[in-house]
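Notebook open, model loaded. I want to go from the whole chain down to a couple of residues.

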Amino acid sequence: MEEGNNSGVTKFELHSLPGPQELQLFYFAFFTLFYLSIVLGNLLIVVTIISDPVLHTPMYFLLSNLSLIDVCLSTFSTPKMIVDFLMEHKSISFEGCMTQLFFQHVFGGGEMMLLVAMAYDRYVAICRPLHYVAIMSVQKCTGLVVGSWVIGVLHSGSQLFFIVNLPFCGPNKVDSFFCDLPLVVKLACTDIYVLQILLLSYSIVMAVCSFVLLMISYSVILVTVRRRSSAGMAKARGTLTAHVTVVILFFGPSIFIYSWPSDNFPVDKVLSIFYTVFTPLLNPLIYALRNKEVISAMQKLKSRLVSS
């Protein structure tokens with residue numbers, strides 16, 4: 001452990017996935033491929049939506065912003081994890097650790113709110129179709145996206161305000177591949193019981209409330225869809241299935257991590273990897289491969305690029 005002028009920790013030691021050097025090289029190649037797939041897959045969705053006027057609708061506007069957040073969510077920690085597979089000593093500076101904590105909650109909180117906005121969009125489209133254009137105006141969609149980012153920043157800033165002023169004098173070992181809130185807070189050399197309960201409860205309440213709100217919204221939508229049997233409702237049912245799948249995959253690991261006892265590190269580490277690496281890749285697969293409009297737009301984009 002290194003100490004600064006005020007006997008504070010200047011570095012944290014990170015613990016990535018265990019294994020011999022050969023396995024670390026496999027991890028490096030495997031997660032590099034995954035990360036590139038996340039970035040390229042999500043950016044492809046963004047470019048496709050921008051390039052095709054047919055997709056200039058509120059639902060796809062929100063989807064393109066979800067793809068951007070997914071790229072950001074995986075970028076705050078995955079490149080560092082990939083590089084560490086080649087390093088014998090895995091560490092991160094105190095400032096870098098605080099930066100990871102900040103952006104983790106900015107992007108995580110922002111994505112929670114954006115998923116709520118997408119559920120609201122589907123609710124209006126299915127339950128109030130005659131008023132959809134008036135309700136989901138450009139101003140409303142922009143406000144929902146900006147509001148998601150603002151809530152993410154406020155959520156993260158309130159967490160970081162308490163953490164950055166904690167005294168860290170040892171130990172400095174974080175049993176994860178990035179600085180995760182529960183693991184970092186418990187390293188403070190002071191009584192953090194009340195603060196730990198406060199911070200974790202804040203994250204859990206935000207995640208659980210958002211998840212419950214989403215499930216209620218989709219339940220109402222599902223009831224509405226079942227009462228109608230038109231071709232449009234069949235399409236809505238497919239879209240609804242994709243949305244619910246993404247919600248479960250996103251909220252499941254995050255709620256489990258923050259509600260599970262902090263001494264179950266192996267479970268937390270696996271779920272953290274799923275949350276930051278696999279979920280951002282599953283989102284474009286679920287939305288794109290199940291959506292004929294997106295696939296058609298991608299084919300048009302490919303044709304224009306080939307012809308040019």
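My entries follow, from the overall fold to single side chains.

**Ground rules.** I am working on a predicted model, where local features need pLDDT of at least 70 and side-chain atom pairs count only at pLDDT 80 or more, while totals for chains, interfaces and linings use all residues. Numbering starts from 1 along each chain as its sequence is written, and side-chain values use heavy atoms, with hydrogens and water left out.

**Whole chain.** I looked up the secondary structure and got eleven helices and three strands. These are DSSP runs numbered from the N terminus: helices are H or I with at least four residues, strands are E with at least two. From the N terminus on, I read the order as β-α-α-α-β-α-α-α-β-α-α-α-α-α. Of the 308 residues, 46% count as buried; buried is under 20% relative accessible area, exposed over 50%, partly exposed in between, with a 1.4 Å probe and protein chains only. For contacts I take heavy atoms within 4.5 Å. Among those with a separation of 6 or more, 78% join residues 24 or more positions apart.

**H4.** How far apart are the end C-alpha atoms of H4? I get 49 Å, which agrees with the 50 Å that its 34 residues should span at 1.5 Å a residue (expected span: 1.5 Å times one less than the number of residues). H4 is mostly covered, with 24 of its 34 residues buried.

**Met112.** I picked this one in H4, residues 94–127. Met112 counts as buried because its relative accessibility is 8%. Leaving out residues up to four places away in sequence, Met112 touches Met206, Ala207, Ser210, Phe250 and Phe251. Met112 and Ala207 are 95 residues apart along the chain, yet I find their C-alpha atoms separated by 7.3 Å.

**Ser156.** Next stop is helix H6, residues 138–163, where Ser156 lies. Is Ser156 buried or exposed? Buried, with a relative accessible area of 1%. The Ser156 side chain reaches the backbone oxygen of Phe102 at 2.5 Å. Beyond its neighbours within four places in sequence, Ser156 is in contact with Leu101, Phe102, Phe103, His105 and Val106.

**H6 against H8.** I checked how H6 packs on H8 (residues 193–227): the angle is about 170° and the axes are 10 Å apart. That makes the two helices roughly antiparallel (the cut-off is over 145 degrees). From H6, the residues Ile151, His155, Ser158, Gln159, Phe162 and Ile163 meet Leu195, Leu199, Tyr202, Ser203 and Met206 in H8.

How values were computed:
Polar contact = N/O pair within 3.5 Å; in protein donor to acceptor, adjacent residues only side chain to side chain. Axes fitted to C-alpha atoms, helices over the stretch in contact; angles between N-to-C directions. Parallel < 35°, antiparallel > 145°, perpendicular 65-115°, else oblique.
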